[in-house]
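Me: I am new to this structure and would like to know what stands behind the words used for it. Please show it to me before I ask.

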Amino acid sequence: MAQPALLATWIAFWSLVTSQPQIARQHDEQYAGYRARLEGLLREAGVAEADLRHAAIAVTALVDGLWLELCLSPQCFSSEEAGAIARRFLGTVCGGVA
């Protein structure tokens with residue numbers, strides 16, 4: 001969900017990641033765990049082992065980018081359209097239609 005207060009919280013967190021080593025380590029650990037879980041899901045969906053890491057990074061970037069744009073410019077597209085975009089992309093990555 002695109003909420004201005006949540007966006008402000010994330011922006012504050014991201015600024016700390018770049019200036020506080022302990023926050024950066026925490027971010028790296030959390031992101032690695034999230035990416036590993038995504039890789040497992042993508043593996044189950046049929047993504048080739050050699051493509052898992054890049055596919056997980058791409059899914060994360062897509063979701064983050066759609067969420068950020070919904071927060072910054074909610075008039076440009078709806079959350080329903082964002083979901084459709086994500087499903088179409090996942091269908092392409094997983095070799096079928098999602």
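Predicted model: local features only at pLDDT ≥ 70, side-chain atom pairs only at ≥ 80, totals over all residues.

Me: Why is W10 called partly exposed?

Reply: W10 has a relative accessibility of 36%. Buried would need under 20% and exposed over 50%, so a value of 36% makes W10 partly exposed. W10 is found in helix α1, residues 4-19. Its C-alpha atom is separated by 32 Å from that of A48, which is 38 residues apart from W10 along the chain.

Me: What makes the pair E49 and R43 a salt bridge?

Reply: The side chains of E49 and R43 meet at 3.0 Å, N to O. The cut-off is within 4 Å, between a side-chain nitrogen of Lys or Arg and a carboxyl oxygen of Asp or Glu. The pair therefore counts as a salt bridge. The structure holds one salt bridge.

Me: Which residues make up the largest nonpolar core?

Reply: The largest nonpolar core has seven residues: L38, L42, V47, L52, A55, A56 and V59. The elements that give two or more residues to this core are α2 (21-44) and α3 (52-72). Its largest share, four residues, comes from α3. There is also a second, separate core of five residues, including L66, L70, A82 and A86.

Me: What does V47 touch, leaving out residues up to four places away in sequence?

Reply: V47 touches L42, L52, A55, V93 and C94.

Me: How do you know that the span of α4 is close to the expected one?

Reply: Helix α4, residues 79-93, has 15 residues. The expected span is 1.5 Å times one less than the number of residues, which gives 21 Å for α4. From its first C-alpha to its last, α4 reaches 21 Å, so the span is close to the expected one.

Me: Which residues of α4 are buried, and what covers them?

Reply: A82, G83, A86 and G91 are buried in α4. What covers the buried residues of α4 includes α3.

Terms used
Residues numbered from 1 in each chain as written. Heavy atoms only, no water. Core = buried A, V, L, I, M, F, W, Y, C linked by side-chain atoms within 4.5 Å. Buried < 20%, exposed > 50% of the residue type's maximum accessible area, 1.4 Å probe, protein only. Contact = heavy atoms within 4.5 Å.
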